[in-house]
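I opened this notebook to look up aromatic contacts. The entries below record what I looked up and what I found.

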Amino acid sequence: MKVNVAICDDNEIFCNQIKEFIERFNKENNTNCEVSTFNSGFDLLGQYTAEYKIIILDIEMKGMNGIETALEIRKKNQKVIIWFLTVSKDYMLEGYKAEAFRYLIKPLSYDDFAKEFDESIRWVDEKYVRPIIVEYKNETYHLETNDILFIEVFGHKLIYHLLNEKITTIDTLKNIEIELCKLNFVRIHRSYLINLKKVKTFNRNEVVMKNNERIPISKYKEKDFKEAYTHLWGKILG
């Protein structure tokens, strides 16, 4: 699969270095990554296309910084993998808002870069999986897994909770749980399967999703949830 990568940094030397790293990675791993470089957040947004699957952003750019650029991109695309590269950890918490995949400190060696980039390529494969096909009352829906906040069991039905709508179907959670748990979903209650990347906050009793819906955590699932959540964000922060 061809993977389009955008690199955005106001330091042209650094842009070219990362581009050379990716070209070397292509040769060593037989991947097909095509690179575009941009010198400002404004340039990237002006030429942005959903074909970019990985975006590597310097945070401390003049004009529009990397965080601001990433938040604008997130309004257009929830699936794209975003890296933040910087000389400081000062912006790490802000990086959460843009659902950063990696937050890495400059300068990078090729070996460090290749390790993280290989992980990104695998995540591209996961994020761009085939959509879930849901049928109900003669209607067919194609749901992207990244658009699903959580799935609720209600009687013999499943309710897919998206950001602005709910889709109902006749099915069991068991039928979809194994596959979705490979994609950052976890069961936190016998009636709820949640997307870990859509968690806004939580305590020991409940999870608050990004649409502000509150979901109870079963005491039997609390450990599984915390381990899965820590594992996910541990990978993202590196």
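The entries that follow concern ring pairs and charges over rings.

I note that this is a predicted model, in which local features need pLDDT of at least 70, side-chain atom pairs count only at pLDDT 80 or more, and totals for chains, interfaces and linings use all residues. Residues are numbered from 1 along each chain as its sequence is written, and side-chain values use heavy atoms, with hydrogens and water left out.

Entry 1, ring pairs. I counted 13 aromatic pairs in the structure. I paired rings of Phe, Tyr and Trp (its six-membered ring) if their centres lie within 6.5 Å; planes under 30 degrees apart count as stacked, over 60 as edge-to-face and the rest as tilted. F25 and F117 form an edge-to-face pair, because their ring centres are 5.1 Å apart and their planes stand at 85°. F25 belongs to helix α1 (residues 12–29) and F117 to helix α5 (residues 110–127), so this pair ties together parts 92 residues apart in sequence. Helices are DSSP runs (H or I, at least four residues), numbered from the N terminus.

I took buried to mean under 20% relative accessible area (1.4 Å probe, protein chains only). F25 is buried at 2%, and F117 is buried at 0%.

I found F21, F25, W83, Y110, F113 and F117 linked by ring pairs into a cluster.

I required NZ of Lys or CZ of Arg within 6 Å of the ring centre and within 35 degrees of the ring normal. R102 lies over the face of F101, 4.4 Å from the ring centre. The charged end of K106 sits over the ring of F14, at 4.2 Å from its centre.

Methods:
Helix = DSSP H or I, 4+ residues; strand = E, 2+ residues; numbered from the N terminus. Buried < 20%, exposed > 50% of the residue type's maximum accessible area, 1.4 Å probe, protein only.
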